[in-house]
Amino acid sequence: MPTASSFETRTVVVVEPDVLVRMVIAEYLRDCGYKVIEAAGSTEVWAVLDGGHAVDVLLIEVSLPGAENGFELAHRIRQTRREVDVILTSGVAGSVQQSHELCEEGPIKTPYEPKDVESRIKILLERRRAAKKT
Amino acid sequence: MGPVSATQETDEHRSTVLLVEDELLLRWPTGEYLRDAGYRVIEAATASEAIAVLASGTRVDLVFSDVNLAEEMNGHALASWLASNRPQIPILLTSADRQELCRVAVGAMRATLSKPYDLSAVAERIREMLSR
C-alpha cells in the first residue's frame, strides 16, 4: 500500500468534452487531494503528454468528439505510455463511479458522497436543458 | 434559482473565478496558481463553455478570459454577453495583441491585462477587481 504522502503529487487528467461534467468531476478529485488537469479532448491530452508533464492517471470519457474517440485515445496511450494508468468511463454515472474509486485510493477519503456529485451534475445539465428551451 | 455547490462548506467562502483560455498549457498553470492563491477556479476552453457554466447557475464572481479564442466567439463577444446577461460579474480580458485590448471599453466591470502576464499580476488584478 502506498503511503498518503506518495499521493501528494499524483496527477489525474480528466478528459471530458462536456464542461459541466468536467467541472464537477475535476473539483471532486481536487477535493480528494489530486492534482487535476482538465482536457476537453484528445488534442489537449497530447499537448500535456508530449509536453513531458508527469501524469499518473487519465480518466477518459469514451464519447469524445473529433478525430480520436475515447477508445482510440486510450489505446494509443496504453501502447505508447505504459507508465500511465488509463481508465475509460461512459456517461455521468460512470465518471462519478470511477472518480469515487480514485478518491478512495487518494490522500483524502471521499470528502462528500458520490451521489451528491452525480446529483450536482444532473442539476446543472437539467438547468442547461431548461435554459435552452426558453 | 441559487447557485449549486457540492456539499463543501468552504466553497461558500471562496471567490470563484471562471478562467477562459483555449491553450491548455497556459490555462492549467494559471488555474493552479489561482487555486493556490485561494480561489475556486472553473476552467473553460471556449466562450461557449464559459456561457454554459454561467447559464447553469453556478456561482461565478469574476471572469478572466483570453480575447483570442479558437472558436467563433471571442473574448469581446463573451464580454458583451456578460454585460447583457450577467452585468454584475466583472471581466478581466487578456491578449498578446495590444490593439485588441485597446478596443475594450474599460470601466468598473471591465479591465485588461496584456500577455504574456506574470501569474502574480493576474492574482493581484483579480483581487483588486473583486474588492471594488
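Two residues are taken to be in contact if their C-beta atoms, placed from the backbone, lie within 7 Å. In this predicted model, that criterion gives a view of how helix α3 of chain B sits in its surroundings, where its buried residues pack against β1 (16–20), α2, β3 (62–66), β4 (91–95) and β5 (110–114) of chain B.

**Helix α3 of chain B**

The buried residues of α3(B), which spans residues 75–85, are B:G75, B:L78, B:A79 and B:L82. They cover an arc of only 100° around the axis, and are therefore placed on the same side of α3(B). The face turned away from that buried side carries the exposed residues B:S80, B:S84 and B:N85.

**The sheets of the two chains**

Strands of a sheet pair through backbone hydrogen bonds, either parallel or antiparallel. The table sets out the sheet of each chain.

| Chain | Sheet | Strand order | Pairing |
|---|---|---|---|
| A | open, four strands | β2-β1-β3-β4 | parallel |
| B | open, five strands | β2-β1-β3-β4-β5 | parallel |

In the four-stranded sheet of chain A, β2 and β4 (85–89) stand at the edges with a single partner strand each, so that one side of each is left without a neighbour in the sheet.

In the five-stranded sheet of chain B, the edge strands are β2 (40–44) and β5, each of which pairs on one side only. Here, too, neighbouring strands are turned by 20° against each other on average, direction ignored. Strands β4(B) and β5(B) pair in the parallel sense over five bridges, and B:S95 stands opposite B:S114 in β5(B).

**A cis peptide bond in chain B**

Most residues other than glycine have a negative phi, and most peptide bonds are trans. The peptide bond from B:K115 to B:P116, however, is cis, with omega near -5°. Residue B:P116 is found in the loop that lies between β5 and α5 (119–130) of chain B.

**Contact between the chains**

Across the interface, 24 residues of chain A are in contact with 18 residues of chain B. On the side of chain A that touches chain B, at least two residues each are supplied by α1, β2 (35–39), α2 (42–50) and α5 (114–133) of chain A, and the largest share, eight residues, comes from α5(A). By class, this side of chain A has 15 nonpolar, one polar and eight charged residues.

Two packed helices are described by the angle between their axes and the distance between the axes.

Notes. Residues are numbered from 1 along each chain as its sequence is written. Chains are lettered from A and ligands numbered from 1 in the order in which they are written. This is a predicted model: local features need pLDDT of at least 70, side-chain atom pairs count only at pLDDT 80 or more; totals for chains, interfaces and linings use all residues. A residue is buried if 20 or more other C-beta atoms lie within 10 Å of its own, exposed if 12 or fewer, and partly exposed in between; C-beta atoms are placed from the backbone. The arc is that of the directions from the helix axis to the C-beta atoms. Ala, Val, Leu, Ile, Met, Phe, Trp, Tyr, Cys and Pro count as nonpolar, Asp, Glu, Lys and Arg as charged, and the others, Gly among them, as polar. Two strands pair if DSSP finds at least two bridges between them. Axes are lines fitted to C-alpha atoms, for helices over the stretch in contact, and angles run from 0 to 180 degrees between N-to-C directions.
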